[in-house]
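Q: Could we go through this structure together? I would like to begin with the overall layout and then turn to individual residues.
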Amino acid sequence: MSEKLNELQNATVGMTAGVIEVLILQPLNYAKNMVQQGLPVSTNPMTMYRGVGANCVNMGSCTMIQFAVGGTLKQFVLKNDKTKKAFCCGRNGLWNRCGSHLGSCRESLRTHDDPAAEKRR
């Protein structure tokens, strides 16, 4: 699908996916951080979503870049039929295997908004 979209469309999809992910997972990240610090967990939405703007910018920009670059690379690689067969042969295709490795690399490089981790450093 990403090879059919232009760079702006891929970037928009990536930004949207990143922001949705943050909005869904923010309360869980908040609860995790409070438990790690030994503080009481509040159910007040104003407290649970504290810092959500910065977190949306961080994750949205990461996924935006990943989607835009991934779509562009996929378009470049899939220009002719030989590379298309090598890269897109189902679940075992090289594109799918590379995608899973790139996702794990991105997670290891991503900056985390984790106050408990800052205390441990």
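Q: What pattern does the protein chain follow, read along the sequence?
A: The protein chain follows the pattern α-α-α-α-α-α. This is a predicted model, in which local features need pLDDT of at least 70 and side-chain atom pairs count only at pLDDT 80 or more, while totals for chains, interfaces and linings use all residues. Residues are numbered from 1 along each chain as its sequence is written, and side-chain values use heavy atoms, with hydrogens and water left out.

Q: How many helices and strands is that?
A: The protein chain has six helices and zero strands. Both are DSSP runs numbered from the N terminus, helices being H or I with at least four residues and strands being E with at least two.

Q: How much of the chain is buried?
A: Of the 121 residues in the protein chain, 26% are buried. Buried means under 20% relative accessible area, exposed means over 50%, and partly exposed lies in between (1.4 Å probe, protein chains only).

Q: And what is the accessible surface of the chain?
A: It comes to about 8,500 Å², and carbon and sulfur atoms hold 65% of that. Accessible areas come from the Shrake-Rupley method with a 1.4 Å probe, and for residues only the protein chains shown count as cover.

Q: What share of the contacts joins residues 24 or more positions apart?
A: Such pairs account for 67% of the contacts in the protein chain with a separation of 6 or more. Contact here means heavy atoms within 4.5 Å.

Q: Moving on to α3: how far does it reach?
A: Helix α3 covers residues 52-77, which is 26 residues, and spans 37 Å from its first C-alpha to its last. That is close to the 38 Å expected at 1.5 Å a residue, where the expected span is 1.5 Å times one less than the number of residues.

Q: Which residues of α3 are buried?
A: The buried residues of α3 include Val52, Asn55, Cys56, Met59 and Lys74.

Q: What about Gln75, buried or partly exposed?
A: Gln75 is found in helix α3 and counts as partly exposed because its relative accessibility is 29%.

Q: Changing topic, where is Gln26, and is it buried or exposed?
A: Gln26 sits in helix α1. It is classed as buried because its relative accessible area is 6%.

Q: What does Gln26 touch?
A: Not counting residues up to four places away in sequence, Gln26 touches Met48, Tyr49, Arg50, Val52 and Asn55. A polar atom of the Gln26 side chain also lies 3.3 Å from the backbone oxygen of Arg50. That pair can be read against the definition of a polar contact: N or O atoms within 3.5 Å, where within protein one must be able to donate a hydrogen and the other to accept it, and residues adjacent in sequence count only if both atoms are side-chain atoms.

Q: Tyr49 is on that list, so where is it placed?
A: Tyr49 is in the loop between α2 (45-48) and α3. It is partly exposed because its relative accessible area is 31%.

Q: Which backbone oxygen does its side chain reach?
A: The side chain of Tyr49 reaches the backbone oxygen of Leu23 at 2.9 Å. Leaving aside neighbours within four places in sequence, Tyr49 is in contact with Leu23, Gln26 and Pro27.

Q: Finally, which residues form a nonpolar patch on the surface?
A: Ile20, Ile24, Leu25 and Leu28 form it, with about 390 Å² of accessible area together. Leu25 lies in helix α1 and counts as partly exposed because its relative accessibility is 35%. Patches are made of residues with over 30% relative accessible area and no salt bridge, like charges being joined within 9 Å and nonpolar side chains (Val, Leu, Ile, Met, Phe, Trp, Tyr) within 5 Å. A salt bridge is a side-chain nitrogen of Lys or Arg within 4 Å of a carboxyl oxygen of Asp or Glu.
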